[in-house]
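Work through the exercises below with the model open. Try each task before reading its solution.

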Amino acid sequence: MHLRKTISLVAVAGMMAGCTSTGGVRQPSGPETVAPEKALVLPPPGGPSIVSVVERKSGNGVEQNISLFTSSSVPGQNFLKVQFFGASGANPGVGNAGFSMINESGIAREVARSAPGVPMATSATFLQNSYGPFGYASGRSQAGDTCIYAWQQIRSSVAANTQARNFGMIQLRLRLCDARASERQLLGIVYGYTVTGTFDGEIWNPYGHAPPADAALGRTGQPIYPDEDGYRASPMPIGYEPAPALVSRPRTAAVRSSSAAQPAQGVAPLPAPVGPRVPLPGETPQTNAKPDAAAVPGDQSARAIGAAVPSPDCIGDAAMTAACRR
């Protein structure tokens with residue numbers, strides 16, 4: 001009897017709950033597209049532009065896949081991937097995202113998948129940007145495209161973790177292939193990107209304590225110059241501009257008429273002109289006539305050049321007189 005009453009009460013409660021529900025449609029939490037200005041990492045000015053940003057939230061962090069502009073014949077999309085690991089509680093319903101420290105075997109698999117068909121070689125040179133050390137691999141495709149794959153882990157030191165703070169961690173991956181840029185130009189993107197995302201709470205700070213000031217500040221015998229830096233290498237150029245396309249200009253050649261180049265068949269060539277050559281306008285007259293040895297030098301200078309101007313007394317009827325005819 002009591003069992004029947006209990007079942008009846010449960011059934012009535014279920015019916016009442018069904019009547020009071022709104023029936024709204026809810027989309028489960030998953031990857032979503034966000035605006036490019038909400039990217040947690042931004043490429044440097046002048047670098048590849050952002051095409052899209054896909055974000056995935058979890059209980060212990062956020063992950064973003066930032067697609068970048070691609071100009072290459074190598075299959076795949078240029079991207080900048082960032083993962084924030086920490087107890088932020090951004091989306092507790094999804095669960096925690098698993099992560100692992102960077103290791104050589106895992107990086108080798110990522111490099112092999114980054115640029116299919118391109119032989120990639122890992123650099124053994126120690127490099128670091130504003131956020132700390134990083135590594136990269138580079139290669140060149142058969143078509144001449146340059147590719148790099150870089151990785152970086154931002155995390156405070158072990159000594160800082162023992163103080164119950166600085167537990168957060170950021171991991172970054174960068175894949176770039178370009179048909180015209182060089183390896184050094186692509187590597188400049190690693191030196192120029194900016195991490196804009198942060199953790200809530202000082203306990204999750206992934207950068208550790210701020211470094212102390214330079215010991216040379218305020219010390220006697222340590223001059224500081226406005227534009228010289230003796231203990232650092234030259235800064236890496238940030239950003240790159242693809243080389244302009246080469247445009248071949250047509251060569252200007254003298255156009256010759258076929259009729260002027262050679263005489264037509266069956267037509268005899270014109271004979272060379274005989275006699276004195278008439279000078280062209282603006283050309284200095286040339287003559288082969290030799291001056292008369294018996295001529296008096298004063299006579300040549302005394303000769304009038306051009307038309308003679310008559311005397312005022314020889315105008316009109318007076319021009320017929322004998323004096324004016326001389």
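The model is predicted: local features need pLDDT of at least 70, side-chain atom pairs count only at pLDDT 80 or more, and totals for chains, interfaces and linings use all residues. Residues are numbered from 1 along each chain as its sequence is written, and side-chain values use heavy atoms, with hydrogens and water left out.

**Exercise 1. The core**

Find the residues with the most contacts inside the largest nonpolar core, then trace the contacts of Leu172.

Step 1. Apply the definition: buried Ala, Val, Leu, Ile, Met, Phe, Trp, Tyr and Cys residues, joined through side-chain atoms within 4.5 Å. Buried means under 20% relative accessible area, exposed over 50%, partly exposed in between (1.4 Å probe, protein chains only).

Step 2. The largest core has 29 residues, and Val41, Ile170, Leu172, Leu174 and Val190 have the most contacts inside it. At least two core residues come from each of β4 (61-68), β5 (79-85), β8 (132-140), β9 (146-155), β10 (169-178) and α4 (183-192). These elements are DSSP runs numbered from the N terminus: helices are H or I, at least four residues, and strands E, at least two.

Step 3. Set aside neighbours within four places in sequence. Leu172 then contacts (heavy atoms within 4.5 Å) residues including Val41, Val82, Trp151 and Tyr193.

**Exercise 2. The cavity**

Which residues line the largest cavity?

Step 1. On a 1 Å grid over the protein atoms alone, a cavity is a set of points where a 1.4 Å probe fits but cannot get out; lining residues have an atom within 4 Å of a point.

Step 2. The search finds one cavity of 30 Å³ or more. The largest cavity holds about 40 Å³.

Step 3. Its lining is Leu80, Ala150, Trp151, Gln152, Leu172, Arg173, Leu174, Val190 and Tyr193. β9 and β10 are the elements that give two or more residues.

**Exercise 3. The strands**

Trace the pairing from β3 through β4 to β5.

Step 1. Strands pair if DSSP finds at least two bridges between them. β3 (residues 50-58) and β4 run antiparallel, joined by eight bridges. Two residues separate them in a hairpin. Lys57 bridges to Val62.

Step 2. β4 also pairs with β5, antiparallel, over seven bridges. Here Glu63 partners Gln83.

Step 3. Check burial: six of the eight residues of β4 are buried.

**Exercise 4. The loop**

Where is His209?

Step 1. His209 sits in the loop between β11 (194-195) and α5 (258-261).

Step 2. Its relative accessible area is 48%, so His209 is partly exposed.

Step 3. Ser156 is 53 residues from His209 in sequence and 8.1 Å away in space, C-alpha to C-alpha.

Note on methods
1 Å grid on protein atoms, 1.4 Å probe; cavity = no way out; pocket = protein on both sides within 12 Å on 5 of 7 lines; lining within 4 Å. Points joined across faces, edges and corners; volume = space filled by probe spheres on them.
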